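Dear colleague,

Please find the structure below, handed over for your use. My findings follow it.

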Amino acid sequence: MATSQAPTRQAITLKGSTNLVTEFFKYAANTILFQRGVYPSDDFHMVKKYGQTVLVTQDLALENYLDRILKQVNKWLLTGSVTQLVLAIISKDTRLPLERWVFDVNLVEQPADSAEPTPAKPESEIQAEIRYILKQIVSTVTFLPIIDTPTVFNILAYTHDSADVPADEWVDTDPLAIEASKSQQVKLRSFSTDVHRIEAMVAYRYEG
């Protein structure tokens, strides 16, 4: 008797996971810049993503800057060269770092001795995890100190020594760390694909 086998869910490819992670960074960066008032709220418009409304910049200069950075991050993700991305918010006047939004990038280890392959993770589950992180970023305004000074931001990428780094766009820089005695940290949720795992946290300056 002939039987029909149900199709198995295909595991996400490295390229597919890389695009998904890159896209997450785009929306996470936009959410942080909006929520922390780095750019005027009028510069953002609403779009539907991950089954919810997210805010994205309409400022062309900022959009182009983020696109350039994310294009390079995408290449580093494909080669496994990037280990951490940081969005640092800095006081425009004093140049002091006020917040560091840290995203650790890890490769998911596949068990080598497993007789059966690990089932592929549904994209709906990945999107739900991303949705939770973005909601957490929004809710941080309830406990992060109010920023009442003009700010700017930098994006830092931590890469392996072997990474191909375009010298015209990326330079070695100050890590923009906040002194341990004045820093509070809050761990955020994580999300993972079949290839990457992203751990998120925010450190902020606390003068209490």
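Strand S7 (residues 196–205) is mostly covered, with nine of its 10 residues buried; buried means under 20% relative accessible area, exposed over 50%, and partly exposed in between (1.4 Å probe, protein chains only). Strands and helices here are DSSP runs (E, at least two residues, for strands; H or I, at least four, for helices), numbered from the N terminus. The model is a predicted one, in which local features need pLDDT of at least 70 and side-chain atom pairs count only at pLDDT 80 or more, while totals for chains, interfaces and linings use all residues. Residues are numbered from 1 along each chain as its sequence is written, and side-chain values use heavy atoms, with hydrogens and water left out.

S7 has two partners, S4 and S6; two strands pair if DSSP finds at least two bridges between them. With S4, the pairing is antiparallel over nine bridges, and Asn106 stands opposite Arg197 in S7. S6 and S7 also run antiparallel, joined by eight bridges, with Lys187 opposite Met201 in S7. A hairpin of three residues connects S6 to S7.

A search of the whole structure finds nine aromatic pairs. Rings of Phe, Tyr and Trp (its six-membered ring) pair if their centres lie within 6.5 Å; planes under 30 degrees apart count as stacked, over 60 as edge-to-face and the rest as tilted. The rings of Phe34 and Phe44 have centres 5.3 Å apart and planes at 70 degrees, so this pair is edge-to-face. Phe34 lies in helix H1 and Phe44 in strand S1 (residues 44–49), so the pair ties together parts 10 residues apart in sequence. Phe34 is partly exposed, at 24% relative accessible area, whereas Phe44 is buried, at 7%. Ring pairs also link Phe24, Phe25, Phe103 and Phe191 into a cluster.

Finally, the charged end of Arg189 sits over the ring of Tyr132, 4.5 Å from its centre; this requires NZ of Lys or CZ of Arg within 6 Å of the ring centre and within 35 degrees of the ring normal.

Yours sincerely
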